[in-house]
Amino acid sequence: MVLILDVFLEILWKPLAADVAAAFAFFVVPICVAVITGVLLGWALRPGWVTGLLGANSESRRLPVADYAQSSGPNSLAAEAVDTSADEKLIYGSQEPVVTDEDLEHLFRLVEETDGGQVWQKMMDKSLPNMTYQAWKREPKTGPPQYRSSTIYEDTAPETLREFFWDDDFRIKNGWDDMLLQYTTLKECMTTGTMVVKWVRKFPFFCSDREYIIGRRIWESGQTYYCITKGVPCSTVPRRNKPRRVDVFYSSWCIRAAESKRDGQMTACEILLFHHEDMGIPWEIAKLGVRQGMWGCVKKIEPGLRAYQAARRSDEPLSHFALMSHINTNFDAVRLSSLESSTGSSAETVEAEKPKSWASNIPRYLIVGGAVAVACSLDHGLLTKAVIFGVARRFAGIGRKS
């Protein structure tokens, strides 16, 4: 290590840029080969990550919702869904509904923290006068990082939040979701409220825009709403190079009444969100972007919600999307929870995050090595080199903080 440092120092003190470049070629070539090899291997292995993610989801144990629905009263899933299967098959042209009871079961476990996944690591705790926000993340062995957040809005009813987050017209009109560029309804079921929509979302300048084909549906238990949105296949919309299709997408939430921070009354509302997606960019970069931009995006939601409430008070007509959010499937969450407890799922243990191995430090070494190459290619004195090394060291240290 000392010998390598001596060589670097000797290179830095060479008077001419040509001499520096020639001497440093021995270091640049191995770094370039390592980077190119890593990129090629990463793209080659990417289908395996997606396959692993789908496989992990399919192996999760099912709760007996169907059995409960057959044996319970008029408020059960069976009472609402007994005649919807044929309706959905007719509309969607498939043998299975787009969003199913299994999706409800999975979201229910996430809300109750009985899904058997890893421990959630806290990321953020912020607040505004009329809103409090907390966020967590976890990184499964397969698939992209997963995020969980709890946002409590003062002076809000669950029904209003249900309409607000379902209303794509208002997203564009108000602009609170400034990443949404286009939206199109592809299919819908007037019996279950299930919709298939296409979104085009804006990404930063170094990425192309992304296209999402989303299936969504709402279940209701009392005044608690389980809203599911996820990526679904759609053969009628051809794939294009731009915008790029995002296949692995899950963004679902539970909306329920909550205590107000002011007086303890149930006049506030909580939305518990679970989100993950594979955007087609390195996950380390995606994590950095989420961490840096999360609070900025969340802060824009609260003014949008207040504008939506004002529009409702002025008797502005509801959009078609808001009306679709009223078509829900009823189920008994208490009964479902008791069935889950009886099967022992609540006793499942969750894993804590394992310490990262030395291999996770390789990207930082490449960053620092690249900075050395840039610094040594510029004959602008030690000050310029020191600045470049400082920036590289700070950027490389991000992984340790995350």
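Predicted model: local features only at pLDDT ≥ 70, side-chain atom pairs only at ≥ 80, totals over all residues.
Biologist: How many helices and strands are in the chain?
Modeller: The chain has 14 helices and 11 strands, where helices (H or I, at least four residues) and strands (E, at least two) are DSSP runs numbered from the N terminus.

Biologist: And what share of the residues is buried?
Modeller: Of the 402 residues in the chain, 41% are buried, with buried meaning under 20% relative accessible area, exposed over 50%, and partly exposed in between (1.4 Å probe, protein chains only). The chain exposes about 21400 Å², of which carbon and sulfur atoms supply 60%; these areas come from the Shrake-Rupley method with a 1.4 Å probe, and for residues only the protein chains shown count as cover.

Biologist: Which residues touch the most other members in the largest nonpolar core?
Modeller: That core has 43 residues, and Tyr153, Leu161, Phe164, Phe165, Tyr212, Ile255 and Met294 touch the most other members. Helix H9 gives the most to this core, with 7 residues. Apart from it lies another core, of 24 residues, among them Val99, Tyr250, Cys254 and Phe274. A nonpolar core here is a set of buried Ala, Val, Leu, Ile, Met, Phe, Trp, Tyr and Cys residues joined through side-chain atoms within 4.5 Å.

Biologist: What does Tyr212 touch?
Modeller: Not counting residues up to four places away in sequence, Tyr212 touches Val197, Lys198, Trp199, Arg201, Phe203, Val246, Phe249, Glu277 and Met279, a contact being heavy atoms within 4.5 Å. Across the chain, among contacts between residues at least 6 apart in sequence, 65% join residues at least 24 apart.

Biologist: Changing topic, where is the cis peptide bond?
Modeller: The cis bond joins Lys242 and Pro243, with omega about -5°, and Pro243 lies in the loop between strand S7 (224-231) and strand S8 (244-246). Most peptide bonds are trans, and most residues other than glycine have a negative phi.

Biologist: OK, what is phi for Asp155 and for Asp315?
Modeller: Asp155 has a positive phi of about 55° although it is not a glycine, and this residue lies in the loop between strand S3 (146-153) and helix H7 (158-166). Phi of Asp315 is near 60°, and Asp315 is found in the loop between helix H9 (283-313) and helix H10 (320-324).

Biologist: How accessible are those two?
Modeller: Asp155 is partly exposed, with a relative accessible area of 43%, whereas Asp315, at 67% relative accessibility, counts as exposed.

Biologist: How do S1 and S2 run?
Modeller: Strand S1 (residues 121-128) and strand S2 (residues 131-138) run antiparallel and are joined by 7 bridges, where pairing requires that DSSP finds at least two bridges between two strands. They form a hairpin with 2 residues between them, and Asp125 stands opposite Gln134 in S2.

Biologist: And which residue has a positive phi in the hairpin of S4 and S5?
Modeller: Gly193 takes a positive phi near 80° in that hairpin, which has 6 residues between the strands. Strand S4 (residues 180-188) and strand S5 (residues 195-201) pair in the antiparallel sense over 7 bridges, with Lys187 opposite Val196 in S5.

Conventions
Residues numbered from 1 in each chain as written. Heavy atoms only, no water.
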